[in-house]
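Please examine the sequence and the three-dimensional structure shown below. The briefing that follows is arranged by topic.

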Amino acid sequence: MDRWLPATLPAKRLAQYLERLAALFGDADAVHFVKLTKGSARQYLHVEPSVSEAVWNRLSAANDEIPKEAADIRRDINRMLLEDDCTGFLRVDRGPKVIEFPGRKTPISQEVVIHETGDLEGVVIRVGGRGASVPVSIDASGGVFHKCSAPRVVAKRLASHLFEGEIRVTGRGKWLRTAEGAWELQSFEIADFIALDAPSLGKFIGDMQTIAGSLWNDLDDPQAELLKQRAD
């Protein structure tokens, strides 16, 4: 970090950088802060040999936007350097550079916010809140998590799908194009959803039996009859 020196870098800011770096490495328990030295506040970190290959692969891939979580953290660090009027880089000790952080040299484009209808897919991992708009968290896999919200009546239905397979939600999202040109979902108001997993045999028959006038209620063994029909 070319602007900061050990004598001028605030401890709080150092801690913020170290937290983001540990997250970028991907195995915080096996990454250790060693020292801060002169020469633009160089931070030395030690990676335990047992995870060194996995960490190297993750850092190398972060430049290619995969995994997305690591790429997002890389952008977080670059924004911090931009805020601090710095540039920086991450490299192996006495070895090659792994990631360049242009910081203040980042080409700045105007941030753009758009509101657009669309859909998201994933697994519901959290539903809860007190207000009329209930927070909902969706795991879209690959380290991507969407923080959404839904009206209470929709949230109540979503709660029955908690950790129960993938769903597709439809609604209106707020998207931000950052100064670095990346699109980030800021919020998403869910209007409705559908389950993507096929229902179990028992649930399907139960749903059919609730329909008024359904012949399924007259069968002695509806599951056997359904399996027979499928075989035919």
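Predicted model: local features only at pLDDT ≥ 70, side-chain atom pairs only at ≥ 80, totals over all residues.

**Briefing**

Residues are numbered from 1 along each chain as its sequence is written, and side-chain values use heavy atoms, with hydrogens and water left out.

**Overall make-up**

- The protein chain has 6 helices and 9 strands; helices (H or I, at least four residues) and strands (E, at least two) are DSSP runs, numbered from the N terminus.
- Of the 232 residues in the protein chain, 32% are buried; buried means under 20% relative accessible area, exposed over 50%, and partly exposed in between (1.4 Å probe, protein chains only).
- Of the contacts in the protein chain between residues at least 6 apart in sequence, 53% join residues at least 24 apart, a contact being heavy atoms within 4.5 Å.

**Charges over rings**

- R3 is placed over the face of W4, at 4.6 Å from the ring centre; a charge sits over a ring if NZ of Lys or CZ of Arg is within 6 Å of the ring centre and within 35 degrees of the ring normal.
- K97 is likewise over a ring face, that of F89, at 4.3 Å from the ring centre.

**The largest pocket**

- The largest pocket holds about 960 Å³ of space; on a 1 Å grid over the protein atoms alone, a pocket is an open set of points where a 1.4 Å probe fits, with protein on both sides within 12 Å along at least five of seven lines, and its volume is the space filled by probe spheres set on the points, which are joined across faces, edges and corners.
- Its lining has 30 residues, of which Q43, F89, L90, R91 and V92 are the closest to the centre; lining residues have an atom within 4 Å of a point.
- At least two lining residues come from each of α1 (11–25), β2 (42–47), α2 (52–62), α3 (68–83), β3 (88–91) and β4 (97–101), and β2 gives the most, with 6 residues.
- By class, this lining has 18 nonpolar, 7 polar and 5 charged residues; Ala, Val, Leu, Ile, Met, Phe, Trp, Tyr, Cys and Pro count as nonpolar, Asp, Glu, Lys and Arg as charged, and the others, Gly among them, as polar.

**The second largest pocket**

- The second largest pocket has a volume of about 400 Å³, and among its 17 lining residues K68, D72, V144, F145 and L185 are the closest to its centre.
- Two or more residues of this lining come from each of α3, β7 (145–151) and β9 (183–195).
- The lining of the second largest pocket divides into 6 nonpolar, 4 polar and 7 charged residues.

**Selected loop residues**

- E65, in the loop between α2 and α3, counts as partly exposed because its relative accessibility is 38%.
- Neighbours within four places in sequence aside, E65 is in contact with A71, R74 and R75.
- Most residues other than glycine have a negative phi.
- D85, in the loop between α3 and β3, is not a glycine, yet has a positive phi of about 60 degrees; D85 is partly exposed, because its relative accessibility is 43%.
- F163, in the loop between α4 (152–159) and β8 (166–177), also has a positive phi, of about 55 degrees, without being a glycine; F163 counts as exposed because its relative accessible area is 57%.
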